[in-house]
Amino acid sequence: MINSLDRISVATSDLERSKKTFNDFFDSSPTFEVEEKNLGYKSLIYNFENTRLELISHLESKENSELSNFFIDNPNGGLYGFSLQCENKEVFEKIKESPSCLLYTSDAADDLLCVDLGGRR
């Protein structure tokens, strides 16, 4: 069983336009704004009681990042990934073997059965 969905990441080609749309929709601003120049992305994080929404966009200066490659196949953006926490190892293994998602472990995976499904590692 899945215990929690910790983060949903949505890729967007126009971060400022998406920020305005989500600010209006949620009637709030992002809690964090992160720019990772070495990884080639910028993201906005909206915190909610039980999960986070991340809007993420690639930086023009880093065209060969995994995120910019995602936009080659998905020019309008879309669901990029999510982070969840599992109750048992069987669910974790089933998710890990799914051919439809890239898998990487979160920082919390040292103590818990946690996975991030998405393009970033």
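**Salt bridges, cores and strands**

Q: What does Glu 33 count as at 45% relative accessibility?
A: Glu 33 counts as partly exposed. Here buried means under 20% relative accessible area, exposed means over 50%, and partly exposed lies in between, with a 1.4 Å probe and protein chains only.

Q: Before going on, what kind of model is this?
A: This is a predicted model, in which local features need pLDDT of at least 70 and side-chain atom pairs count only at pLDDT 80 or more, while totals for chains, interfaces and linings use all residues. Residues are numbered from 1 along each chain as its sequence is written, and side-chain values use heavy atoms, with hydrogens and water left out.

Q: Which residue forms a salt bridge with Glu 33?
A: The partner is Lys 19, and the closest N and O atoms are 2.8 Å apart. Glu 33 belongs to strand β2 (residues 32-36) and Lys 19 to helix α1 (residues 15-26), so the pair ties together parts 14 residues apart in sequence. Helices (H or I, at least four residues) and strands (E, at least two) are DSSP runs numbered from the N terminus. Lys 19 is buried, its relative accessible area being 18%.

Q: How many salt bridges are there by this rule?
A: The count is three, where a salt bridge is a side-chain nitrogen of Lys or Arg within 4 Å of a carboxyl oxygen of Asp or Glu.

Q: What about Glu 54 and Arg 7: how far apart are N and O?
A: Their side chains meet in a salt bridge at 3.3 Å, N to O. This pair links distant parts of the chain, 47 residues apart, with Glu 54 in strand β4 (residues 52-58) and Arg 7 in strand β1 (residues 2-11).

Q: Are Glu 54 and Arg 7 buried or exposed?
A: Both Glu 54 and Arg 7 are buried. By contrast, Asp 24 and Lys 20 are both exposed; they form a salt bridge with the closest N and O atoms 3.0 Å apart. Asp 24 and Lys 20 are four residues apart in helix α1, so about one helical turn separates them.

Q: Changing topic, which residues make up the largest nonpolar core?
A: That core has seven residues: Ala 11, Tyr 41, Ile 56, Leu 67, Phe 70, Phe 71 and Tyr 80. Helix α2 (residues 66-73) gives the most to this core, namely three residues. A second, separate core has five residues, among them Leu 15, Leu 44, Tyr 46 and Leu 55. A nonpolar core is a set of buried Ala, Val, Leu, Ile, Met, Phe, Trp, Tyr and Cys residues joined through side-chain atoms within 4.5 Å.

Q: And strand β3, how many of its residues are buried?
A: Five of the seven residues in β3 (residues 41-47) are buried, so the strand is mostly covered.

Q: How does β3 run relative to β2?
A: The two run antiparallel and are joined by five bridges; strands pair if DSSP finds at least two bridges between them. Tyr 41 in β3 is the bridge partner of Glu 36. The β2-β3 hairpin has four residues between its strands, and Gly 40 in the turn has a positive phi of about 80 degrees.

Q: How many bridges pair β3 with β4?
A: Seven bridges pair them in the antiparallel sense, and Ile 45 stands opposite Glu 54 in β4. A hairpin of four residues joins β3 to β4.

Q: Finally, what pattern does the protein chain follow along the sequence?
A: The pattern is β-α-β-β-β-α-β-α-β-β, with three helices and seven strands. Of the 121 residues in the protein chain, 38% are buried.
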